[in-house]
Each structure stands twice: as C-alpha cells, then as structure tokens.
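Please walk through this model with me. We begin with charged pairs and then turn to helix packing.

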Amino acid sequence: AGKEKGNLTPKAIRVIAQSSEGSVRDAISLLDRAITFQNANSQKEINDQDIRNMLGLADKSKIILLLKEVLEGNPSNSLKILRDLFNNGIEPNKFLNDILEILSLLNRKISLGSIEDDKLLPEEEINLINSISKGISVNDIGLFWQFTIKTIDDLRILSNDETTLEMYILQLLH
C-alpha cells in the first residue's frame, strides 16, 4: 500500500484480509482495487466501510445486531436493520454466509466458552457475540443454520432478493 501511495485504515486492511480468505493473490488484488477506488474518489484515507461498499459486504456488527433483534423478538427493528443493509448495497449470498459465520461463532461460544482468542474479530464484535450468546441455545443455532442454508437455495430460485431475505428474517423471528 505504501509503495502505491495507498492510505488505508487498519480496519480497512482487516476487511481486505478477511475477504481474501487466506489468498495472498486475492488480498493484493483487493488492495489494488481499494487504491484505485481511493484515487478515483480523491479520498485521503480508505476506511473499512469504503471497502465493504466496494465489495458489497455488510458490516458484521450490524448483522450481529440484526440477530440480536431477531432473538429479542423485535420484527420492526429487525426489518429496519435489514432494509438499512440493503440500502447500503449488501450482496445477499455474502450476507447469508456472514450469518452462517456468526452462527458458527455463537455455537463455538456456547459450546467451548470463549471466542476471545479469535484475532480476526474486532473486540466490538466479540462483545456483541458474547452478549447475544446468552439468549440462544445450540438447538436454536441449528435451526437458524438450516433456515439460512434453505434461504441460500431460495435465492437461486426466486427473483426478488429483498423479499426473500425479509421472509427469512420473519421465519427466524418465529
């Protein structure tokens, strides 16, 4: 990034690292896209939200908050967060894969007791997961997992992604 005069926040670099899923080639490609984005938009510094927008990724903290609202049985708040995510350009399959990742973390927290050693997670997300893990059982996680897998399949069949995800959230609420 320094060689190419790219100015990225540490959080932006973290999002690139997570999105590259261990592939150095993908990480370099994403970094190149970010620097091009920076140059095209005349920004002094690229932050994590810029990278998320560039890649169509949702902020995981917002997804965790969405799950929290679902677990607390708040349909209006849940759907508001979903609409906000949609308005920010989430990609539905990536969103559902993020849900699966969060469910896996919740399961790990409940089953093993700790996720604090996960270096890829910001402290804020760890705290949110710790908070909502108290209100969910391993059986609930299994059910949510199955609904999520089914919804990934539904996205291949149905043409309206927003309605499909809205129905998914309503199913989780019940």
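The side chains of Glu 101 and Lys 60 form a salt bridge, with N and O 2.9 Å apart. A salt bridge here is a side-chain nitrogen of Lys or Arg within 4 Å of a carboxyl oxygen of Asp or Glu. This pair links distant parts of the chain: Glu 101 lies in helix α6 and Lys 60 in helix α4 (residues 60-71), 41 residues apart. Helices (H or I, at least four residues) and strands (E, at least two) are DSSP runs, numbered from the N terminus.

The model is predicted: local features need pLDDT of at least 70, side-chain atom pairs count only at pLDDT 80 or more, and totals for chains, interfaces and linings use all residues. Residues are numbered from 1 along each chain as its sequence is written, and side-chain values use heavy atoms, with hydrogens and water left out.

How accessible are the two partners? Lys 60 counts as buried because its relative accessibility is 11%. Glu 101, at 35%, counts as partly exposed. The cut-offs are under 20% relative accessible area for buried, over 50% for exposed, and partly exposed in between (1.4 Å probe, protein chains only).

The structure holds 6 salt bridges. Another of them joins the side chains of Glu 166 and Arg 83, at 3.9 Å from N to O. It too links distant parts of the chain: Glu 166 sits in helix α9, Arg 83 in helix α5 (residues 75-87), 83 residues apart. Glu 166 is partly exposed at 28%. Arg 83 is partly exposed at 37%.

Now follow α6 to α9. The axes of α6 (residues 92-112) and α9 (residues 161-173) come within 11 Å and cross at roughly 20 degrees. Axes are lines fitted to C-alpha atoms, for helices over the stretch in contact, and angles run from 0 to 180 degrees between N-to-C directions. The crossing angle therefore makes α6 roughly parallel to α9, a label for angles under 35 degrees. Pro 92, Phe 95, Leu 96 and Ile 99 of α6 meet Asp 161, Leu 165 and Tyr 168 of α9. Contact means heavy atoms within 4.5 Å.

Phe 95 is buried, with a relative accessible area of 1%. Leaving aside residues up to four places away in sequence, Phe 95 touches Ile 63, Leu 66, Leu 82, Leu 85, Ile 90, Leu 165 and Tyr 168.

Note on methods: Angles under 35 degrees count as roughly parallel, over 145 as roughly antiparallel, 65 to 115 as roughly perpendicular and the rest as oblique.
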